[in-house]
Every structure is written in structure tokens, then in C-alpha cells.
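Here is a short briefing to read alongside the model. Have the viewer open, and let's walk through it topic by topic.

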Amino acid sequence: MPGIRGPSEYSQEPPRHPCLKINSKEPFNAEPPRPALISSYVTPVDFFYKRNHGPIPIVDDMERYSISITGLIDNPKQLFMKDIWNLPKYNVAATLQCAGNRRTAMSKTRTVKGVGWDVAAIGNAVWGGAKLADVLELVGIPKLTSVTPSGGKHVEFVSIDKCKEENGGSYKASIPLSQATNPVADVLVAYEMNGEPLNRDHGYPLRVVVPGVIGARSVKWLDSITIITEECQGFFMQRDYKMFPPSVNWENINWSSRRPQMDFPVQCAICSLEDVNIVNPGKITIKGYAVSGGGRGIERVDLSIDGGKTWVEATRYQKAGVPYIADDMSSDKWAWVFFEANVDIPKSAEIVAKAVDIAANVQPENVESIWNLRGILNTSWHRVEVRVGRSNM
Ligand SMILES: Nc1nc2c(c(=O)[nH]1)N[C@H]1C(S)=C(S)[C@@H](COP(=O)(O)O)O[C@H]1N2
Ligand SMILES: [Mo]
């Protein structure tokens with residue numbers, strides 16, 4: 001671990017924007033207010049949710065900082081920042097979403113375990129860095145490899161932070177080698193976020209970004225990459241971030257019965273309104289984000305102002321002046337879309353939003369059907385209440 005260290009207490013945390021809603025202080029977990037989240041298509045770093053499992057690592061010496069690439073390969077290597085900088089640089093717009101986004105709403109049905117997130121454990125950034133496929137070529141693994149001659153099938157990313165879930169060990173995760181060596185999958189070893197060097201909260205100096213996959217696999221503060229036969233056996237792959245049916249509880253859970261969650265499902269949330277709102281009679285603008293995993297575009301966003309009886313379609317956009325077409329070359333395939341509609345609110349109403357992705361995947365109507373004990377992947381229809389009051393004019 002040259003040049004970087006993971007402290008075991010919280011006395012040297014970085015500064016953070018005061019607008020963030022703190023869900024847990026140590027480790028630091030926070031999200032922006034709903035309106036701030038949709039104030040721009042590319043989320044400013046200050047407003048980007050922060051999801052940590054331990055104290056933020058500290059770089060003491062950038063000259064000495066290096067990552068090791070080892071495991072089932074012939075030529076293990078140490079790579080320094082300059083080796084990563086020397087590779088072709090890519091800028092990829094990708095939305096990162098915590099699997100626990102919208103957990104608080106799920107916990108209203110039945111208690112779940114985990115950090116209580118509202119709808120903003122998500123953000124969209126332009127990540128700058130080298131493609132993991134190019135990095136792995138430096139150790140002799142060709143593009144589009146699914147198994148190395150010595151039997152390596154997964155790529156494990158190990159960090160330097162100290163997490164209690166790992167009994168003081170590092171955060172780690174893995175992805176399949178076939179995805180890691182596929183340039184089209186856009187997996188990055190990133191050193192920039194929105195054109196600036198990564199800040200400490202988001203993984204300085206190097207993090208992995210796995211587009212279209214739950215945030216948990218985008219390991220921050222990279223220390224080593226290991227080529228392994230089986231997927232990573234770490235806590236966050238094997239005993240967390242798995243989707244269980246509503247019948248599973250803490251007594252009958254069998255962690256090994258489920259695969260680690262990778263792609264995230266289709267999701268959307270209204271961000272221009274809170275759970276309960278008092279508005280004047282007349283038109284209001286409903287605005288929010290929609291996103292799907294695996295690089296699938298958003299085909300449609302439906303809005304209802306009568307609790308889901310009737311629907312209208314919202315407009316979708318990414319960049320101003322560029323019409324959004326799902327899965328078109330002109331769209332950012334790994335990024336969210338914003339949606340917007342101007343609707344007339346004649347009386348108090350329940351406003352509902354639901355998105356459809358390009359594979360015609362839809363969001364479940366009720367949270368009960370997808371309830372799970374860890375409270376992950378709440379993609380149920382997003383509902384907010386609007387009460388029409390009298391203005392004081
Ligand atoms: N080393 C390390 N990487 C990590 C984590 C962590 O705690 N430690 N949290 C993961 C989770 S659960 C998420 S959702 C994302 C959050 O990234 P962000 O804080 O940059 O938004 O980082 C992932 N990578
Ligand atoms: Mo997460």
C-alpha cells in the first residue's frame with residue numbers, strides 16, 4: 001500500500017457541502033436535497049451522494065502511490081499514476097446509484113436493515129480515466145478475454161479503507177473478466193470526476209467505475225486488482241447487496257442461495273416535490289430522473305395525477321437542445337435522463353411516476369412485492385402527495 005493509507009478513525013475526514021442530508025456521520029453517508037439533485041444533468045461533485053463504509057483514506061505520497069495487478073496472470077505488475085495517465089483517456093458519462101436508494105420508503109412497509117436513503121443516493125458524473133480493458137492489456141490479458149490460460153475468470157478490486165463489515169479489512173468487489181476486458185462495457189480506472197481530479201470522498205486518487213451496475217461494485221481508493229477464479233468472496237459481494245424475496249428474514253436467510261446483484265433495474269423518482277406538498281391551485285411542473293442498468297435507455301416515463309388510474313407521458317432529455325432518443329448514438333447510454341411535465345392540479349392528488357426502459361422492463365406498482373430485508377433496489381412506482389391549499393393573495 002505505498003503512498004496511501006486507510007485510517008481507523010474519523011479525525012481526518014474531508015470537508016463536505018453543508019446542504020447535504022447526512023444519513024450517517026461515521027462512516028459518512030449523505031445525499032443532496034431532491035431539488036439540488038435535478039438542478040443539472042451532470043451532478044456537481046459537492047451534491048453527489050457520498051456512500052462510505054469506513055474513514056476516508058489519505059494519500060501521503062502520490063509519487064509512490066501504485067496499484068498492483070496480481071493473481072492468475074503470468075506477469076504481475078505494479079502500476080503508478082503515470083502508467084495510468086499514459087493510457088488513452090476516456091470520458092464516460094455514467095450514473096452511479098446505490099442499491100439502497102429509496103430504502104426509507106421500503107422500510108415503511110416493514111423494517112429493513114441499512115442506511116436510510118431518500119431518492120437521491122444517485123448521481124451522474126463524467127468520469128475520466130483509462131479503460132480497465134487497456135489496463136489489463138498491460139499485464140498481458142487481451143481484449144475480450146473471458147478466462148485466462150491459468151483459469152482467471154473474475155477481476156477483483158481491493159481498496160485501502162477499513163470497514164467494520166470486513167472486520168477492519170478493506171472494501172472489495174469483483175466483476176467478470178469478460179466485462180472487464182470488453183472495451184464497449186466502458187469500465188474505467190478513473191482519476192477524474194467532472195473534469196477535476198477525484199476528491200477524497202469519491203476515491204482519490206483512483207477508483208473503478210462500472211457503468212450500469214449498482215454503485216457497490218465501483219470500488220474507490222484502489223489498492224490492487226487481482227485476477228481470480230471465483231467471484232470475490234468479500235462481505236459486500238457475498239453477504240450484502242443481494243436481492244432476496246419478501247419471504248426471507250434474518251432467521252431463514254441463506255446468503256449463498258443468491259447471486260451478487262450487478263446491473264440495477266429500471267428506476268425513476270420525482271425530485272421537484274417532497275413526499276407531502278402544499279401547492280396553489282393550477283399548473284405545477286413535475287421533474288425528476290429515470291435510469292436503467294446495463295446501458296439500457298429510457299423509452300418512456302409515465303406520470304399520473306390520480307394515484308395511477310390515468311397516465312400522461314413526460315418529456316425526456318439529457319442535454320439541452322438535443323432530443324433524447326433511447327439507445328441512439330447521440331445519447332449517453334450509461335446516464336440517467338431527466339423527465340418533465342406541466343400538469344394541472346385541480347384538487348389534492350397522489351402523483352405517481354414510473355419509467356419503462358428500452359427492453360420494456362417496468363417498475364413494480366407496490367413496494368410490498370419487492371420488499372427485502374436489506375431494503376435494496378426499491379424501484380416501486382414513486383408516489384408523492386399534493387394538497388391544494390389557498391394562496392394568501
Ligand atoms: N473502497 C470503497 N469503495 C466503495 C464503497 C466503500 O465504502 N469503500 N462504497 C460503495 C458503494 S455501496 C457505493 S453506492 C459507491 C458510492 O460512491 P460515491 O461515494 O462516489 O457516490 O461506492 C462504492 N465503492
Ligand atoms: Mo451502495
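An unreviewed UniProt entry carries the annotation "domain: Moybdenum cofactor oxidoreductase dimerisation" for residues 260-388; such positions are given in the numbering used here, feature names are shortened, and annotations may be inferred rather than shown by experiment. Residues 260-388 are 0% helix and 43% strand, and the end C-alpha atoms of the span lie 44 Å apart. Please keep in mind that this is a predicted model, in which local features need pLDDT of at least 70, side-chain atom pairs count only at pLDDT 80 or more, and totals for chains, interfaces and linings use all residues. Residues are numbered from 1 along each chain as its sequence is written, while chains are lettered from A and ligands numbered from 1 in the order in which they are written.

**Overall fold**
- The protein chain has six helices and 24 strands (DSSP runs numbered from the N terminus: H or I of at least four residues for helices, E of at least two for strands).
- Its radius of gyration is 21 Å, close to the 21 Å from the globule rule for 393 residues, so the chain is as compact as a globular protein of that length (taken over C-alpha atoms; the rule is 2.2 Å times the number of residues to the power 0.38).

**Two domains**
- The domain assignment gives domain 1 (4-257) and domain 2 (267-388), with bounds that come from an automatic or database assignment.
- In all, 38 residues of domain 1 are in contact with 29 residues of domain 2 (C-beta atoms, placed from the backbone, within 7 Å).
- On the side of domain 1 that touches domain 2, strand 8 gives the most, with five residues.
- That side of domain 1 divides into 22 nonpolar, nine polar and seven charged residues (Ala, Val, Leu, Ile, Met, Phe, Trp, Tyr, Cys and Pro count as nonpolar, Asp, Glu, Lys and Arg as charged, and the others, Gly among them, as polar).

**Around ligand 1**
- Of the 19 residues around ligand 1, His53, Cys98, Ser159, Tyr171 and Gly215 come nearest (a residue is near if its C-beta atom, placed from the backbone, lies within 6 Å).
- This shell holds eight nonpolar, six polar and five charged residues.

**A look at Met237**
- Met237 sits in helix 6 (residues 235-238).
- Met237 counts as buried because it has 22 C-beta neighbours inside 10 Å (buried takes 20 or more other C-beta atoms within 10 Å, exposed 12 or fewer, partly exposed in between, with C-beta atoms placed from the backbone).
- Beyond its neighbours within four places in sequence, Met237 is in contact with Ala173, Ser174, Glu231, Cys232 and Pro260.

Key:
Contact = placed C-beta atoms within 7 Å.
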